[in-house]
Amino acid sequence: FTDKAAREMRARLAALGVEGIRAVTFHAAALAQLSFFGKVGDLKILASKALTLRWIGNSLPMPYKFTPAVDLATEVEWAKNRRLTPDRYLDGLDEHEPPIPPDLMQRVYRDYERRKAESGYLDFEDLLTRAVDLYEDERDPIEVVRARYRAFTVDEYQDVNPLQQSLLELWLGERDDVCAVGDDYQA
């Protein structure tokens, strides 16, 4: 569910005369909610992991030095979407094969997180993680969200990752007011 898809959905809803419905990405919703609850502060959103990971990748030993930054970014996203920290990364791999040896990938992931934190940035997965952490740790904010949003529709549900699913389940609570649109949805 990209920003482009969200814009298209808003345009379709407007053309139908539908009002009072928000069409946003998981990330945009999480950012808006975190901002509402004062949990973003002065942190900035990292537009892309690629540049940081390119620098880190260039420091790897041969033959891994030229691993494409996009492959490293995809792996970091894979780990973060499963709520694996750099310290828990190796234990969470199971059958998954990273693009470079696991110990090197853990080093890349750890360095990426360190550099990002030192420069005061959050990436898109951090937004979701912070929202999940907030709602798991504090009862009042999730109750506010649940009172404000009665139902959810998730487009392209088959593309929802475990982190997004965790956030959706927190938003819903005990309710089942969700419409999932996608190829592989199973209740």
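Labels and their grounds

Q: What does Leu-93 touch, leaving out residues up to four places away in sequence?
A: In this predicted model, Leu-93 touches Glu-75, Trp-78, Pro-98 and Pro-102. These count as contacts because heavy atoms lie within 4.5 Å.

Q: Why is Leu-93 called buried?
A: Its relative accessible area is 8%, and buried means under 20%. Leu-93 is therefore buried, although its place is in the loop between H4 and H5.

Q: Is Asp-94 buried or exposed, and what makes it so?
A: Asp-94 has 71% relative accessibility, and the cut-off for exposed is over 50%, so Asp-94 counts as exposed. Asp-94 is also in the loop between H4 and H5.

Q: What makes the phi of Asp-94 worth a remark?
A: Most residues other than glycine have a negative phi. Asp-94 is not a glycine, yet its phi is positive, about 50°. Arg-83 is another such case, with phi near 60°, and Arg-83 too is in the loop between H4 and H5.

Q: Why is Arg-83 called partly exposed?
A: The relative accessible area of Arg-83 is 27%. Buried would need under 20% and exposed over 50%, so Arg-83 falls in between and is partly exposed.

Q: Which peptide bond is cis, and how do you know?
A: The bond from Met-62 to Pro-63 is cis, as its omega is near 5°. Most peptide bonds are trans. Pro-63 is in the loop between H3 and H4.

Q: How do you know that the reach of helix H4 is close to what is expected?
A: H4 covers residues 69-80, twelve in number. The expected span is 1.5 Å times one less than the number of residues, which gives 16 Å here, and the first and last C-alpha of H4 are 16 Å apart.

Q: What covers the buried residues of H4?
A: The cover includes helix H3 (50-57), helix H5 (102-118), H6 and helix H8 (162-172). Among the buried residues of H4 are Leu-72, Val-76, Trp-78 and Lys-80.

Q: Why does Leu-16 count as exposed?
A: Leu-16 is at 68% relative accessibility, and exposed means over 50%, so the label applies. Leu-16 is in the loop between helix H1 and helix H2.

Q: What makes up the nonpolar patch on the surface that includes Leu-16?
A: Leu-16, Val-18 and Ile-21 form the patch, and together they have about 290 Å² of accessible area.

Q: Which residues have the most contacts inside the largest nonpolar core?
A: They are Phe-26, Tyr-135, Leu-167, Leu-168 and Trp-171, in a core of 25 residues. H2, H6, helix H7, strand S3 and H8 each supply at least two of its residues. Apart from this core lies another, of 19 residues, including Leu-46 and Tyr-89.

Key
Residues are numbered from 1 along each chain as its sequence is written. This is a predicted model: local features need pLDDT of at least 70, side-chain atom pairs count only at pLDDT 80 or more; totals for chains, interfaces and linings use all residues. Side-chain values use heavy atoms; hydrogens and water are left out. Patches are made of residues with over 30% relative accessible area and no salt bridge: like charges are joined within 9 Å, nonpolar side chains (Val, Leu, Ile, Met, Phe, Trp, Tyr) within 5 Å. Accessible areas come from the Shrake-Rupley method with a 1.4 Å probe; for residues, only the protein chains shown count as cover. A salt bridge is a side-chain nitrogen of Lys or Arg within 4 Å of a carboxyl oxygen of Asp or Glu. Helices (H or I, at least four residues) and strands (E, at least two) are DSSP runs, numbered from the N terminus. Buried means under 20% relative accessible area, exposed over 50%, partly exposed in between (1.4 Å probe, protein chains only). A nonpolar core is a set of buried Ala, Val, Leu, Ile, Met, Phe, Trp, Tyr and Cys residues joined through side-chain atoms within 4.5 Å.
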